Amino acid sequence: MTASETVTLVLGGDSPLPESAADVEDLVRLLRGHVAQLGARTAPGIPALLRAQRLCSDSILEDYVPSRVYLVRLAEATQELMANVERGGPGPISVQGGRRWRKPTVNVLRGAVFALALACLVFAASVPRT
């Protein structure tokens, strides 16, 4: 199950709250796994990641209402973290220290092709004819 499916299962308008404590524990376990996966794709120290990790470290309360409130808060934090990853927030810090290159836009590629063509034209015009 993907993170968005799990978040939708918890926060969706037509999805009911889980009835048993085991269902809550299963959803919390899934959300904690998604936070761990998403956390690996973001740079450390991002507020959304810190909030989600802090919620993951909390224990599930035994009472009915507090456990459901905790589940909803964890789902909201996961949703915020997903939005940060999808927005292209800072990427993970590479173990090798290499730089992650952004994919060039179409206009940058067009400009590079134009500059190369212009350089070839200038070079061809500057070669003496014999």
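This is a predicted model: local features need pLDDT of at least 70, side-chain atom pairs count only at pLDDT 80 or more; totals for chains, interfaces and linings use all residues.
Confidence was considered first. The chain has an average pLDDT of 84. A score of at least 70 is reached by 90% of the residues. Confidence is lowest in H1, where the mean is 85. It is highest in helix H5, residues 106–126, at 94.

The largest nonpolar core contains 24 residues. Those with the most contacts inside this core are Val 10, Val 28, Leu 31, Leu 38, Leu 71, Leu 74 and Leu 81. H4 gives the most, with eight residues.

H4 was examined next. This helix has 23 residues, and its end C-alpha atoms lie 33 Å apart. That agrees with the span of 33 Å that should result at 1.5 Å a residue. The buried residues of H4 are Ser 67, Arg 68, Tyr 70, Leu 71, Leu 74, Ala 75, Ala 77, Thr 78, Leu 81, Met 82, Asn 84 and Val 85. An α-helix has 3.6 residues a turn, so residues three or four places apart point the same way. Within H4, buried positions include Leu 71, Leu 74, Thr 78 and Leu 81. The cover over the buried residues of H4 includes H1, H2 and H3. After H4 comes Gly 88, with a positive phi near 85 degrees.

Leu 74 is buried. Beyond residues up to four places away in sequence, Leu 74 touches Val 28, Leu 31, Arg 32, Ala 52, Leu 55 and Cys 56. Thr 78 also lies in helix H4. Its relative accessibility is 0%, so Thr 78 counts as buried. With residues up to four places away in sequence again left out, Thr 78 touches Val 7, Leu 31, His 34, Val 35 and Leu 38.

Ala 83 is likewise placed in H4. Here the relative accessibility is 32%, which means that Ala 83 counts as partly exposed. Ala 83 and Ala 48 are separated by 35 residues in sequence. Their C-alpha atoms are 9.4 Å apart in space.

The packing of H1 against H4 was then described. The two helices pack at an angle of about 145 degrees. Their axes are 9 Å apart. H1 passes H4 in a left-handed crossing. From H1, the contact is made by Ala 3, Ser 4, Val 7, Val 10 and Leu 11. From H4, Leu 71, Val 72, Ala 75, Glu 76, Thr 78, Gln 79 and Met 82 take part.

On the H2 side, Val 28 was taken as an example. This residue lies in helix H2. Val 28 has a relative accessible area of 1% and is therefore buried. Not counting residues up to four places away in sequence, Val 28 touches Ile 60, Tyr 70, Leu 71 and Leu 74. The C-alpha atoms of Val 28 and Leu 74 are separated by 7.6 Å. Along the chain, these two residues are 46 residues apart.

Ile 46 sits in the loop between H2 and H3. Its relative accessible area is 11%, so Ile 46 is buried. Ile 46 and Val 24 are 22 residues apart in sequence. In space the pair is 27 Å apart, C-alpha to C-alpha.

H5 was considered last. This helix has 21 residues. From its first C-alpha to its last, H5 reaches 30 Å, close to the 30 Å expected at 1.5 Å a residue. The number of buried residues among the 21 of H5 is zero, so the helix lies largely in the open. Ala 125 is found in H5. At 64% relative accessibility, over the 50% cut-off, Ala 125 counts as exposed. The C-alpha atoms of Ala 125 and Leu 38 are separated by 54 Å. The two residues are 87 residues apart along the chain.

How values were computed
Residues are numbered from 1 along each chain as its sequence is written. Side-chain values use heavy atoms; hydrogens and water are left out. A nonpolar core is a set of buried Ala, Val, Leu, Ile, Met, Phe, Trp, Tyr and Cys residues joined through side-chain atoms within 4.5 Å. Buried means under 20% relative accessible area, exposed over 50%, partly exposed in between (1.4 Å probe, protein chains only). Helices (H or I, at least four residues) and strands (E, at least two) are DSSP runs, numbered from the N terminus. Contact means heavy atoms within 4.5 Å. pLDDT is the predictor's confidence in each residue, from 0 to 100. The expected span of a helix is 1.5 Å times one less than its number of residues. Axes are lines fitted to C-alpha atoms, for helices over the stretch in contact, and angles run from 0 to 180 degrees between N-to-C directions. A crossing is left-handed if the near helix is turned anticlockwise from the far one by less than a right angle, and right-handed if clockwise.
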